[in-house]
Amino acid sequence: MKWGYKLYVQSSISGFIHNFLLYGGEKTFANYNFTEFEDSSGFGAKVVVRLCHSIKSTEVSFVFFDNFFSSLELVRYL
């Protein structure tokens, strides 16, 4: 049986953590309202969108994520 924690982190280039999301299975996004497009995205895209909503200066921000989280729809959306 596998068990453990999954922690998705939003951090700066210096490694300072600004926000995080603890994986909770089906209840990971229970208290968060997505738009219709965001809700139709996959789990990885929802993680990216959820963490990006806390970015205060969006005009000077860069978002990096690996292939598990990426999709053409997400890149267009961002």
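A polar contact, as the term is used in these legends, is a pair of N or O atoms within 3.5 Å, of which, within protein, one must be able to donate a hydrogen and the other to accept it. The structure shown is a predicted model.

**View 1. Overall arrangement of the protein chain.** The protein chain has three helices and two strands, and, from the N terminus on, these elements follow the order β-β-α-α-α. Taken along the principal axes, the box filled by the C-alpha atoms is roughly 45 × 30 × 25 Å. Of the 78 residues in the protein chain, 26% are buried, and the accessible surface comes to about 6600 Å², with 56% of that area belonging to carbon and sulfur atoms. Among the contacts with a separation of 6 or more, 38% are between residues 24 or more positions apart.

View 2. Glu-38 has its place in helix 1, which spans residues 36–40. The side chain of Glu-38 makes a polar contact with the side chain of Tyr-77 at 2.3 Å, and another polar contact joins the side chain of Glu-38 to that of His-53 at 3.3 Å. Glu-38 is buried yet has no salt bridge, and the nearest side chain of opposite charge, that of Lys-46, is 9.1 Å away. With its neighbours within four places in sequence left aside, Glu-38 is in contact with Lys-46, Val-49, His-53 and Tyr-77.

**View 3. The salt bridge between Asp-39 and Lys-46.** Side chains of opposite charge can pair when their charged atoms come close. The structure holds one salt bridge, and this view shows Asp-39 paired with Lys-46, the closest N and O atoms being 3.3 Å apart. Asp-39 has a relative accessibility of 46% and therefore counts as partly exposed, whereas Lys-46, at 16% relative accessibility, counts as buried. Lys-46 is also one of the residues in contact with Glu-38, although Glu-38 itself has no salt bridge.

**View 4. Helix 2 and the elements that cover it.** Helix 2 comprises residues 43–52, and eight of its ten residues are buried, so helix 2 is largely enclosed by the rest of the structure. The buried residues are Gly-44, Ala-45, Lys-46, Val-47, Val-48, Val-49, Leu-51 and Cys-52.

**View 5. Thr-28 in the loop between strand 2 and helix 1.** Thr-28 is found in the loop that lies between strand 2 and helix 1, and, because its relative accessibility is 12%, Thr-28 counts as buried. A polar atom of the Thr-28 side chain lies 2.8 Å from the backbone nitrogen of Gly-24, and a polar atom of the Thr-28 side chain lies 2.7 Å from the backbone oxygen of Gly-25. Apart from its neighbours within four places in sequence, Thr-28 is in contact with Leu-21, Leu-22, Tyr-23 and Phe-43. Thr-28 and Phe-43 are 15 residues apart in sequence, and their C-alpha atoms are 9.7 Å apart in space.

**View 6. A nonpolar patch on the surface.** Tyr-5, Leu-7, Val-9, Ile-17, Phe-20 and Leu-22 form a nonpolar patch on the surface, and together they have about 670 Å² of accessible area. Strand 1 (7–11) and strand 2 (17–22) are the elements that give two or more residues to this patch, and the largest share, three residues, comes from strand 2. Leu-22 has its place in strand 2 and is partly exposed, with a relative accessible area of 45%. Leu-22 is also among the residues in contact with Thr-28.

**View 7. Val-63 in the loop between helix 2 and helix 3.** Val-63 lies in the loop between helix 2 and helix 3 and is partly exposed, its relative accessible area being 38%. With its neighbours within four places in sequence left aside, Val-63 is in contact with Val-48, Cys-52 and Ile-55. Val-63 and Cys-52 are eleven residues apart along the chain, and 8.1 Å separates their C-alpha atoms.

Technical notes. Residues are numbered from 1 along each chain as its sequence is written. This is a predicted model: local features need pLDDT of at least 70, side-chain atom pairs count only at pLDDT 80 or more; totals for chains, interfaces and linings use all residues. Side-chain values use heavy atoms; hydrogens and water are left out. Patches are made of residues with over 30% relative accessible area and no salt bridge: like charges are joined within 9 Å, nonpolar side chains (Val, Leu, Ile, Met, Phe, Trp, Tyr) within 5 Å. Accessible areas come from the Shrake-Rupley method with a 1.4 Å probe; for residues, only the protein chains shown count as cover. A salt bridge is a side-chain nitrogen of Lys or Arg within 4 Å of a carboxyl oxygen of Asp or Glu. Helices (H or I, at least four residues) and strands (E, at least two) are DSSP runs, numbered from the N terminus. Buried means under 20% relative accessible area, exposed over 50%, partly exposed in between (1.4 Å probe, protein chains only). Lys and Arg count as positive and Asp and Glu as negative; His and the chain ends are not counted. Contact means heavy atoms within 4.5 Å.
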